[in-house]
Amino acid sequence: MTAVLEPDGAQRAILQAMLHGSVAFADVEGLDGHIRTTANEFAVVIGPSVPGDAAAELAQWARVHRPDLGVILLRNDIDSNTLSLALRSGMREVVAARDLAGITTAVARARSVANAIGQTLMDEVQAAAQTARAEVAAEVAEAAAVAQAEADAPRGKVITVFSTKGGVGKSLVATNLGVAMSSSGRSTCLVDLDVNSGDVAIMLQLTPQRTINDLVGFNGVIDAEGISTILTHHSDNLSVVAAPVRLDSPDQASVDDIGKLLDALRRMVDFVVVDTSGVFDDNALCALDRSDMIVLVGTLDIPSLKALKLATSTLDMLNFPKATWKFVLNRADGKVGLTSDEYEKTLDLKADCSLVSSREVLAAVNRGEALVSAYPGHPNSKALVAFSRNVTDALGAADGAADPSSRKSSGSRLRLRRG
């Protein structure tokens, strides 16, 4: 389509009649509204009655905003000033107003140029789109490769030792389990999540320089390099992330920090053994969500049985698979009017490991040494070593099972079993 700008009515009628299908305007305002809203306009013929300044201003606007729009200037007399004005303002052509054939030829050339520019722009858009698609595909492929590499990377197993009653030997089981695993050549990390009264470090006679609360200083970037700075080493294969040594610590590691810690430790060691507090707090739930195995600990007394029954009911309600539970019965030889069989029947769990009352247990704790190391021939030591083999064998057989980290860490406590 061609637009004509000519204030003189007679001249405007001639031009409109000559340029079939054109639209004509007597003023710049009408033309301006037309070309700003008509994307397929390819030529503007400016009649000889239009002042040179107005024509130049229109051409300059088109050169910047509509490079496909050809501005053709008609003049009764074409002199050097007219040509200079046209050149400076970016007009496509200058034609004598009486040269009707020249005008139609100039309009035809404007159409050809507009088509060429449009095709070039289309080619550029298509090339940009193709480049963008290629870049997105490369990013997706890279992300998939990273995800696959992480999936294929060796993943350690998380074992959480849990009970909802204090004094049942939870930390005893956690520390001896960690020591027994490390003694068999498995790289192991003990994580003490009892942030108010954790005993793992003292039970192994360790003096930690940094604790789990130092995760705060990592500002959310928790990787192997950073974690190595807060580990307290016990032996070649065993390290500890200790609980805070002070209750008035100004900074507390967040649940998000602890989750990232456990996820990173999976890629660093064969086994992560987590000791928890005696409640279903956020830290314990964070560890349970990531656990490949949950080790429950109880003693042969009614208060412990009640607490453990509530714990198993809660775990079941939160849909933690019972197949991942192990049960350690401590002080199983107590003559307290409650038998091991009655305990297991009420709890609906068979003990995977039974420990007897012994003064050597307390002696080992007071020496800051694991029972399995201090008294390797003791019945409890043998039971704990056998239990550690049971655990490692069970987790090895479960390598093909679903990864517990795929569960939403905040969602498991809300997913109730239906039906």
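Colleague: How many of the residues in the protein chain are buried?
Modeller: Start with the term. Buried means under 20% relative accessible area, exposed over 50%, and partly exposed in between, with a 1.4 Å probe and protein chains only. Here, buried residues make up 44% of the 419 residues. Note that this is a predicted model, where local features need pLDDT of at least 70, side-chain atom pairs count only at pLDDT 80 or more, and totals for chains, interfaces and linings use all residues. Residues are numbered from 1 along each chain as its sequence is written, and side-chain values use heavy atoms, with hydrogens and water left out.

Colleague: How many helices and strands are there in the protein chain?
Modeller: Both are DSSP runs, numbered from the N terminus: helices are H or I with at least four residues, strands are E with at least two. The protein chain has 15 helices and 13 strands.

Colleague: Why is the protein chain described as more spread out than a compact globule?
Modeller: Look at the radius of gyration, taken over C-alpha atoms; the globule rule is 2.2 Å times the number of residues to the power 0.38. The rule gives 22 Å for 419 residues, but the radius of gyration here is 41 Å, well over that, so the chain is more spread out than a compact globule. Along the principal axes, the C-alpha atoms fill a box of roughly 125 × 50 × 40 Å.

Colleague: What share of contacts in the protein chain join residues at least 24 apart?
Modeller: Contact means heavy atoms within 4.5 Å. Take contacts between residues at least 6 apart in sequence: 72% join residues at least 24 apart.

Colleague: Where is Thr160, and is it buried or exposed?
Modeller: Thr160 is in strand 6, residues 157-162. Its relative accessibility is 0%, so Thr160 counts as buried. Leaving aside neighbours within four places in sequence, its contacts include Val274, Leu288, Ser291 and Ile294.

Colleague: Which side chain does Thr160 join in a polar contact?
Modeller: A polar contact is a pair of N or O atoms within 3.5 Å; within protein, one must be able to donate a hydrogen and the other to accept it, and residues adjacent in sequence count only if both atoms are side-chain atoms. The side chains of Thr160 and Ser291 are joined by one of 2.5 Å.

Colleague: Which residues other than glycine have a positive phi?
Modeller: Arg331 is one of them, with phi near 50 degrees. Arg331 is in the loop between strand 12 (325-330) and helix 12 (340-347). At 34% relative accessibility, Arg331 counts as partly exposed. Asp348 also has a positive phi, near 60 degrees. Asp348 is in the loop between helix 12 and strand 13 (353-354).
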